[in-house]
Amino acid sequence: MKTHPHSSSSSIVVHPEIIDHANNPSPRVPLAILCDTSFSMHGAPLAALQHGLKTLFSEIQQDMLAQLRCDPSIWGFGGRVSQLMPWESTFVGATPVPELNAAGSTPLGAAVFTAIQAINDRRDTYRANAIPSYAPWVVIFSDGVATDEWREAAAKLSMLAKNSRWNVVCLGTGPDVDLECLAKFSPDRPPLHIRDASSCHSFAEFFRWLSASIKITSRRSTSCQTTMAPLPDCIDIVE
Amino acid sequence: MITNKSVERPTLSHPTQLGKVIATGGEGVIRECLSHPGCVAKIYHPLEEEDLSQIESKIGAMLKMTQLAQHSRLAWPQKKLYQNRKFAGFLMRKIDGMTLVPLSAEVSKRTYLPDWTTAHIARVVHDIASLCAKLESHDVFLTDVSLTNFLTNPRDGSTSIIDVDSLQIREGSRVFGSSVFTPDYAAPEILRQPERLGCIGSEQARFTIALLFFQLYTNGSPFQVLEYGNLEPAQQITAGRHFLGGRGVATGTTTPEIFRRYCGLPRRIKWMFKRAFIEGHQSPSNRPSFNEWVEAAKRHYQELRG
């Protein structure tokens, strides 16, 4: 099924050519979004996060270049780690934003390890098809405290950020989030914080910032240093 | 639709009234110009004073190039803009059209330009080569090549250059380089010696533009070689590993799609690419000139249109 990219339909459409690298040999920006779907996110916080994700894809699809280059995937970690959205080009009328359901504990460490492996596998696919790629992005949301062994995952991800230019963005929401833990995943880039976990506006602004940063990235050479867009005022930087 | 009307050059007596933001980039924003409907304004993001002064001088030099300022397919600066007596940006000719981004992938080409054929691509190549030849005659060169730096008329493929403040220009003995550099399109001698970026010449620009033409025709790069997929594009260019064959020897293979599109090109166009990337890799003087590309693309277009 083919849908015009600017149609107003909110139905989920997956174009068969999305994943076809032959039809889109553009350099890719692999974007792994790790969402805390533990029990504490139930209700308004999860709804706000869902709204933010829709904002992200809507913004990217309005940019011709970003929609060809952005390659997102979404994981949830609530009780267990599950891939909620497989790797997808955003070039289509509507990118399916998965329904998020809150349950269980917060296996942050396992989620990060899973995402790192998935990104490396995805980049192998790019290489096999002679498709260049930008440095990967890993975006982590959490509102609480990791309940598994996360330190090794934090060390691995921070090393990738330092040595291989991976872009790691940690966003904590609400009053109970362990910001010190999040800071360990990206020592060179302090975590961000949204004080009101149920604020749709703040999540939407964060994802607009993320999409703007992805757009800037996708306009540059794959070997260029990443430049981020200016952060919105409603997002705090935790020093 | 691209307009060929000449733009009434804004005079100092015309106060400039700006409207809404119509595009945002890394260097600044583009805004409507309510007081001069044939123009748009580029307003720079906040910069260090030294950088802003450098840009102001560059725009001033560009304003003196009246022939280029009057060209209907160049979004050339028309007037400097100041805010609180501080240089803020410039007005430029407004050009309508679509960027070349849809041409970078079959899936977007089928969506945004479903009626386009190879003849349209040949027209785009012809127009860009023609504009580059014109710029070259004024010692002006493209260094920042991006599909978003060109606008094309979806109806007939006539193409213009925008974002001209990133061009390298010369005023007397002073060279105003570009603050933006695209390694994926750079000539190998520039990649090996980046300090040369401040003053590139015609031969380096020819390599860059030939890569753009290759991308337009095939959606790929001659250096997109599967056997070296773990290398970045700039590394592949520096190493000169291509799939074009030549002298009976290929250094690698590419995807079936890129290879098919390349093989479907007329012999003359393929010869131009081989001159640019094989013979011209270490010997820049072998790279086809812009005027040679104008002729080759014109002939290709005529052959396709019948």
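Visitor: Where do R110(B) and E106(B) lie, and how far apart are they?

Guide: Both are in helix 3 (residues 106–112) of chain B, four residues apart, about one turn of the helix. Helices here are DSSP runs (H or I, at least four residues), strands are E runs of at least two, and both are numbered from the N terminus. This is a predicted model, where local features need pLDDT of at least 70, side-chain atom pairs count only at pLDDT 80 or more, and totals for chains, interfaces and linings use all residues. Residues are numbered from 1 along each chain as its sequence is written, chains are lettered from A and ligands numbered from 1 in the order in which they are written, and side-chain values use heavy atoms, leaving out hydrogens and water.

Visitor: What do the side chains of R110(B) and E106(B) form?

Guide: A salt bridge means a side-chain nitrogen of Lys or Arg within 4 Å of a carboxyl oxygen of Asp or Glu. Here, R110(B) and E106(B) meet in one at 3.4 Å, N to O.

Visitor: How many salt bridges are there over all chains?

Guide: The whole structure has 20. Among them is D63(A) with R219(A), whose closest N and O atoms are 3.1 Å apart. D63(A) sits in the loop between helix 1 and helix 2 of chain A, and R219(A) in the loop between helix 6 and strand 7 of chain A, so the pair ties together parts 156 residues apart in sequence.

Visitor: Is D63(A) buried or exposed?

Guide: Buried means under 20% relative accessible area, exposed over 50%, and partly exposed in between (1.4 Å probe, protein chains only). D63(A), at 11%, is buried, while R219(A), at 35%, is partly exposed.
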